[in-house]
Amino acid sequence: VQTFVPSRSQVRAQRRCADVTMRVQRPTMCAETWDLYQRYVRHQHPDTPLDETPEKVIEWLYKPVVDTYEVTYYHLADRLVAVSILDVCQSSVSGVYHFFDPAEHKRSLGVFSVLAEIEWAKQLGIPYYYLGYWIEGAPTMHYKANYGPHEVLREGRWQSP
């Protein structure tokens, strides 16, 4: 967290979201969050079965295993545009899942949320922010390589790229 420096494109994404505010709270699935999640899944993962219920999503994402937080992002403080689920420990913040309003895709809300969450970890004095595993060749995970410093598992050892 302390050594992270955003790229120019990440800073531009941050500027595009200057009117977005971040709220950190305990996980609470509400109708507004459920609606946003459904729109996101239909757009980003059209092959995902839509027979999921709020109860199934709560069990999957919102049932805390450690200190779990829901970070909500609001446009002009009144319209939900993105949600992150984070696991927080003494030494790390781990991004569990992020979903956003597909109509706002040009804002790069995912990039904005990572930058905001890194800054939040810095304010709390938490030294590490994890985006989870990156699997080379997996298109949906490619963005994770754009954040550094990071480590890569090669031949059973964690190494800097």
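These entries record what I looked up in a predicted model.

**Entry 1: helix H4.** I began with H4, which covers residues 109-124 and has 16 residues. I noted a reach of 22 Å from its first C-alpha to its last, close to the 22 Å expected at 1.5 Å a residue. I then looked at what comes after H4 and found Gly-125, with a positive phi near 75°.

**Entry 2: the buried side of the question.** I asked which residues of H4 are buried. They are Leu-109, Phe-112, Ser-113, Val-114, Leu-115, Ala-116, Glu-117, Ile-118, Trp-120 and Ala-121. I next looked up what covers them, and the cover includes helix H1 (8-16) together with strands S1 (20-25), S2 (67-75), S3 (79-88), S4 (92-100) and S5 (128-130).

**Entry 3: the core.** I turned to the largest nonpolar core, which holds 40 residues. Within this core, Tyr-73, Val-93 and Phe-99 touch the most other members. I listed the elements that give two or more residues to the core: helices H2 (31-44) and H3 (54-62), strands S2, S3 and S4, and H4. H4 gives the most, with 8 residues. I recall that nonpolar side chains tend to be buried together in soluble globular proteins.

**Entry 4: strand S2 and its partners.** I found S2 mostly covered, with 8 of its 9 residues buried. S1 and S2 run antiparallel and are joined by 6 bridges; Arg-23 has Thr-72 in S2 as its bridge partner. S2 and S3 also run antiparallel, joined by 9 bridges. Here I noted that Tyr-73 has Ala-82 in S3 as its bridge partner. The hairpin of S2 and S3 has 3 residues between the strands, and Leu-76 in this hairpin takes a positive phi near 50°.

Conventions. Residues are numbered from 1 along each chain as its sequence is written. This is a predicted model: local features need pLDDT of at least 70, side-chain atom pairs count only at pLDDT 80 or more; totals for chains, interfaces and linings use all residues. Side-chain values use heavy atoms; hydrogens and water are left out. Helices (H or I, at least four residues) and strands (E, at least two) are DSSP runs, numbered from the N terminus. The expected span of a helix is 1.5 Å times one less than its number of residues. Buried means under 20% relative accessible area, exposed over 50%, partly exposed in between (1.4 Å probe, protein chains only). Contact means heavy atoms within 4.5 Å. A nonpolar core is a set of buried Ala, Val, Leu, Ile, Met, Phe, Trp, Tyr and Cys residues joined through side-chain atoms within 4.5 Å. Two strands pair if DSSP finds at least two bridges between them.
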